[in-house]
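Subject: Structure for you to look at

Hello,

Here is the structure I said I would pass on. Please open it next to this email and follow along.

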Amino acid sequence: MIKDLSLSLLNSYKSALNSYDEVLDLKGQVKPYWKSLFDTLETVGLDGLELRNKEIIEKLKENGVTYNVYNSENGANRAWKLDPIPFLIHEKEWQTIEKGIKQRAHLLDLILKDIYGPQLLIKNAIIPAELVFDNTGFMLPCFDLKQKLKNQLIMYACDMARGPDGKMWLLDNRTQSPSGSGYALENRTVMAKVFPELNKNIYRNRLSPYFNHLQQTVATLGNISNENPNVVFLTPGPGNETYFEHVYLSSYLGYTLVQGSDLLVREGFVWLKSLEGLERVDVIIRRVDDEWCDPLELRQNSLLGVPGLLQVMRMGNVAVINPPGASVVENYGLMAFMENACKFLMNESLLMNSVATWWCGQPKELNFVLSNLPRLIIKKANRKQGFRTRYCRLLSIAELEELRQMIIQNPKEFVAQEEVSLSTTPSFINGKLEPRFAALRTFMVSDGSDYKVLQGGLTRSSSVKDKFVISNQLGGISKDTWIVTDNPTEHYERFVVKKSTNSHQNNSLTSRNAENLFWVGRLYERTMSLTSFLKIVLDRLNENVNDKGQKQQAYLVVLLKSITHLTQTYPGFAEENDDAIFENPEPELFILINDLKKAGSIAYNIQSLLNTANQVSERWTSDTRRILNLLEDSLQSLKNTPSINQLSHKLDKLYTRLFGFYGNVFETLPRDNGFYLFEAGKNIERILSLISVLRSAFSFKNNEEVESVILEAVLENHHLLTQYRHIYKSQWSLVAGLDMVLLEKNLPYTLSALLDRLAYCLSHLPKSTNANRLGIDEKIVLEASTIIKLIDAESLVKVDADTQYRSELDKTLEQVYDLISKVTGSLSSLYFSHSVIQHSLLDTIEKINSDEI
């Protein structure tokens with residue numbers, strides 16, 4: 001006899017139920033597959049569940065999984081939430097669900113084609129004209145857009161929840177640019193790694209076939225003449241709420257992630273602006289809202305789309321998934337007419353129930369809504385008008401009356417839905433298993449004539465007890481979704497194989513990404529150089545604690561001034577007549593470390609590095625993204641440190657993490673144009689920082705004892721101290737030190753070696769003219785390198801007797817500094833020419849619902 005292991009947890013959970021729950025069938029009995037899950041949960045225990053929950057949180061953080069919330073102060077850092085308890089549906093029930101949602105996908109595809117075609121639904125009064133023509137989702141320029149496949153609605157997602165009859169009910173349609181499948185895949189990956197015990201005695205269908213079907217469909221949409229269609233994934237940019245998913249899916253599917261500025265229309269085609277030149281684009285998977293896709297024909301002030309895109313679509317020279325204009329069928333009001341539309345277009349009834357819906361634009365329905373307002377849910381028919389759903393039973397008498405007047409004044413704008421009792425599902429909340437309302441979003445992709453359904457989906461549960469608040473914008477918690485089978489099923493995946501292995505289009509580097517990689521290199525080195533130098537200065541200050549009011553040590557004065565010159569945070573320590581700042585340098589140093597608003601500070605530089613690295617997230621490996629998360633932790637740690645005395649250890653940790661970031665990037669970035677631009681940026685910044693420190697430290701002569709201490713600090717800062725001591729022992733010579741810092745070729749941090757490395761990187765970038773000739777940037781570096789290699793260290797240290805100024809040293813370094821500063825401008829004109837900065841997503845209310853999950 002098998003012991004009932006799940007008795008404790010299961011009975012405890014059942015006692016908390018006050019509505020229909022996923023665990024129970026219509027007879028009130030526990031479903032067998034849920035029983036198996038509870039058996040495993042019982043063996044793990046609540047303490048084990050808490051541990052798994054913490055591991056999930058940590059894993060999601062490591063993977064950089066975020067869901068940004070518009071207009072939220074911490075939106076850019078909002079962590080994705082994943083419940084350790086999955087959502088289960090048996091395969092037999094899922095087969096019935098599949099039939100219903102496939103039918104709905106076909107119906108919406110037919111409605112979409114009819115609205116932008118013969119408009120028989122409107123002519124035959126099946127759908128009120130106002131729900132189409134007054135909807136911002138209806139766009140006349142999209143009327144004549146026709147794509148290659150029979151289905152124009154290529155991707156479709158719908159939200160479902162279990163209704164009072166125990167069956168799944170359809171709650172909402174997503175047709176514009178359905179989001180969430182990437183999060184569903186990430187949820188499955190994290191759960192498999194963190195909680196493998198849950199698989200015990202439970203078989204589930206895989207998610208990967210859906211994504212293979214998507215790749216196959218995309219491949220068929222490419223131009224016939226192109227064996228390997230060039231596919232891009234169009235994102236609004238890092239400000240978008242689901243940007244993580246855009247990066248994740250583009251990388252997983254192997255498509256180039258682009259923004260609108262990366263594309264242009266020329267000669268009837270869409271082209272990708274890459275470092276190698278223009279590359280023709282065949283398919284665009286878009287995550288930009290309909291009206292922002294083409295500023296020439298749709299929203300004129302859009303900087304997110306591609307001017308002329310619609311005309312290229314009309315010519316059949318590019319396919320877009322989904323086509324602009326698809327959002328018209330997301331209209332809530334259309335749900336009231338779906339049954340009649342289904343009978344008219346498909347000659348059959350709906351297989352899946354929808355929530356009862358009334359459009360207030362009809363007198364009978366309006367009277368019903370006004371008479372039953374307290375028990376209904378009110379929405380705007382046009383979801384883009386920024387109207388929050390009103391649960392009328394929660395409103396006060398005054399609020400109900402205000403809403404009533406709004407409906408009476410503009411009845412055609414409003415839709416009412418019945419508030420039904422939906423099912424709950426087990427959720428792990430505050431260390432306990434509690435029932436929470438949940439809804440499932442699943443996804444479909446057309447294969448040309450039929451739809452393939454993801455065997456799972458993105459389930460979201462409410463974090464608030466007894467409230468149906470599942471939106472991630474409002475704090476909803478996601479769940480891994482399992483389609484449970486009685487027996488393991490074998491699945492043989494069909495992979496999309498390119499007909500030619502010579503195409504490298506999917507590895508294209510856009511000019512925008514090229515610039516971002518260049519600046520990631522510069523900002524990394526800028527942060528690294530300042531962190532290193534500040535660590536050394538803080539160590540020297542701690543070794544020579546200065547009593548308040550006493551004059552600071554001469555060498556520390558020089559080092560402190562060098563910091564200001566390095567960061568260009570003038571006046572800072574460069575103020576000649578301000579002795580007080582040298583007597584008590586800690587406040588200025590504190591600002592230079594952790595003031596996020598101080599341009600040039602460590603905190604400012606880290607934030608700039610993280611922002612720029614986020615622009616090219618698709619280029620990083622998972623390990624690199626984890627290190628970036630650690631750098632963000634270091635930033636928060638610096639910001640929260642109350643005094644400079646506590647910063648030394650945190651700077652050491654930051655320094656180690658910066659080294660880890662560079663090492664990981666160096667080992668994992670392919671040796672392509674992106675790598676050489678990254679390295680060029682790093683070397684330019686390293687050269688400039690080295691010259692800045694040398695000029696501020698040695699342009700004016702100090703006594704030998706002071707200069708020996710300064711020389712030691714400079715050598716230590718540039719990782720040359722060990723080599724210097726190995727050669728010269730304890731003999732400090734400025735001539736020997738400068739000779740090493742400037743001319744030694746075998747040490748990576750010397751100026752000569754850095755210039756050679758920079759020249760090597762530039763030589764690997766594509767040439768705009770004859771490949772055998774030096775480019776402008778290479779000529780500049782060659783001139784600077786020649787100046788350095790012809791110097792004589794003995795001559796450089798000569799001093800003007802009156803001013804103690806080393807003019808030859810200072811002017812030589814200044815000349816090289818100016819030359820290397822010009823390289824950035826040269827690279828910009830050669831490689832970084834792209835259109836204006838992307839339009840911010842934070843100032844448009846229209847997109848609030850467009851990509852919401």
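Is Cys342 buried or exposed? At 0% relative accessibility, Cys342 counts as buried. Please keep in mind that this is a predicted model.

The cysteines come next. The number of disulfides is 0, where a disulfide needs two cysteine sulfur atoms within 2.5 Å. For Cys342, the closest cysteine sulfur belongs to Cys158 and lies 14 Å away, so the pair is too far apart for a bond. Cys293 is in no disulfide either: its nearest cysteine sulfur is that of Cys142, at 8.0 Å. Cys293 is also buried, with a relative accessible area of 1%.

Next, the nonpolar cores. In soluble globular proteins, nonpolar side chains tend to be buried together. Here the largest nonpolar core holds 108 residues, and Phe698 and Ile820 have the most contacts inside it. Apart from neighbours within four places in sequence, Ile820 touches Ile684, Ile687, Leu688, Leu755, Leu758, Val781 and Ala784.

Last, a pair of helices. The axes of α6 (residues 181-194) and α8 (residues 243-253) come within 8 Å of each other and cross at roughly 75°. Angles of 65 to 115 degrees count as roughly perpendicular, so that is how α6 and α8 are arranged. On the α6 side, the contact is made by Ser181, Gly182, Tyr183, Leu185, Glu186 and Thr189. Phe244, Glu245, Tyr248, Leu249 and Tyr252 make it on the α8 side. By class, this contact has 6 nonpolar, 3 polar and 2 charged residues.

Regards

Definitions and conventions. Residues are numbered from 1 along each chain as its sequence is written. This is a predicted model: local features need pLDDT of at least 70, side-chain atom pairs count only at pLDDT 80 or more; totals for chains, interfaces and linings use all residues. Side-chain values use heavy atoms; hydrogens and water are left out. Axes are lines fitted to C-alpha atoms, for helices over the stretch in contact, and angles run from 0 to 180 degrees between N-to-C directions. Helices (H or I, at least four residues) and strands (E, at least two) are DSSP runs, numbered from the N terminus. Angles under 35 degrees count as roughly parallel, over 145 as roughly antiparallel, 65 to 115 as roughly perpendicular and the rest as oblique. Contact means heavy atoms within 4.5 Å. Ala, Val, Leu, Ile, Met, Phe, Trp, Tyr, Cys and Pro count as nonpolar, Asp, Glu, Lys and Arg as charged, and the others, Gly among them, as polar. A nonpolar core is a set of buried Ala, Val, Leu, Ile, Met, Phe, Trp, Tyr and Cys residues joined through side-chain atoms within 4.5 Å. Buried means under 20% relative accessible area, exposed over 50%, partly exposed in between (1.4 Å probe, protein chains only).
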